[in-house]
Amino acid sequence: MGAGKWIGGILGFMTGGPLGALAGFALGALIDNTAASASAASGNGDIPYGQPGEAAGHRNSFLFAMLVMASYIIRADGRIMHSEMEYVRQFLRRNFGEQAVGEGQQILLNLFEERKRMDAQNPGAFRRTIHECGAQIAANLSYEERLQLLNFLAEIARSDGHVSPEEVDALREVAASMGLSAREAESMLNLGGDSLEEAYKVLEITPEATDQEVRAAYRRLALKHLPDRVVTLGEDVKKAAEEKFQEINNAKERIYKARGMK
């Protein structure tokens, strides 16, 4: 990815607030170097505000916010699983290239260290910071973008084939801090499942729902997960949203088939 790829993040919504404070530690020397480069480029008219620089800022702020929240989810059960770290590496490799893997991993490791330092000085300090970061994310990302971020976090939690109760609680906690519901977190956790029970959870309803309620639930879910609503985050994120949308359709079809609905 290279230090230059984080310039957009410095220009984005993580510039200040709790995300900015964590960025100061997690990005280290990158902050000074990229901020200086961004300032010089902006002065020369190379990255005018409201043009590509702002778009890159929004995208990279999304990525950094995901890494911050991922650091909380991954450590929820007190362990750092290889499979969870590998999922993050694959995500970075797929979306940002090989160089992003090392940088993203280092940012996560730095965040783990910062959590240890903060909690040693003041128990629960990192958790409170996560809640504050969630509020900052809620203020700067659209509802649909927050849902996509939650989807990525749920995929990280599911990547080792088992979601612990602590991870479920952490995901619900993060969702609430971002202005999302526990039911939406549950929906994301059950995407890709092959059981009827999981399908109902994806649609955020119970098996007792009427056929009419099933149809209404699907329409509601389809509207809020339209891939075009995250296009500002880049084609790769939109592609991930399209895959999520297909999994929602699969859950709907499973329920329709079980009920004999058309």
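I looked up which element gives the most to the lining of the largest pocket, and found α13, with 6 residues. The model is predicted, so I note its limits: local features need pLDDT of at least 70, side-chain atom pairs count only at pLDDT 80 or more, and totals for chains, interfaces and linings use all residues. Residues are numbered from 1 along each chain as its sequence is written, and side-chain values use heavy atoms, without hydrogens and water.

**Pocket**

I read a pocket as an open set of points on a 1 Å grid over the protein atoms alone, where a 1.4 Å probe fits, with protein on both sides within 12 Å along at least five of seven lines; lining residues have an atom within 4 Å of a point. The largest pocket is lined by 15 residues, and R94, E155, K239, A240 and E243 lie nearest its centre. Two or more lining residues come from each of α5 (82-96), α8 (143-158) and α13 (235-259). Helices here are DSSP runs (H or I, at least four residues), and strands are runs of E (at least two), numbered from the N terminus. I sorted the lining by class and got 4 nonpolar, 3 polar and 8 charged residues. Asp, Glu, Lys and Arg count as charged; Ala, Val, Leu, Ile, Met, Phe, Trp, Tyr, Cys and Pro as nonpolar; the others, Gly among them, as polar.

**Helix pairs**

I checked α7 (residues 125-140) against α9 (residues 165-177): their axes come within 7 Å and cross at roughly 45 degrees. The axes are lines fitted to C-alpha atoms over the stretch in contact, with angles from 0 to 180 degrees between N-to-C directions. α7 and α9 are therefore oblique to each other; angles under 35 degrees count as roughly parallel, over 145 as roughly antiparallel, 65 to 115 as roughly perpendicular, and the rest as oblique. For contact (heavy atoms within 4.5 Å), I listed R127, I130, H131, G134, A135 and A138 in α7 against E173, V174 and S177 in α9.

I then took α6 (residues 98-121), which packs with α7 at about 120 degrees, the axes 7 Å apart. α6 and α7 are therefore oblique too.
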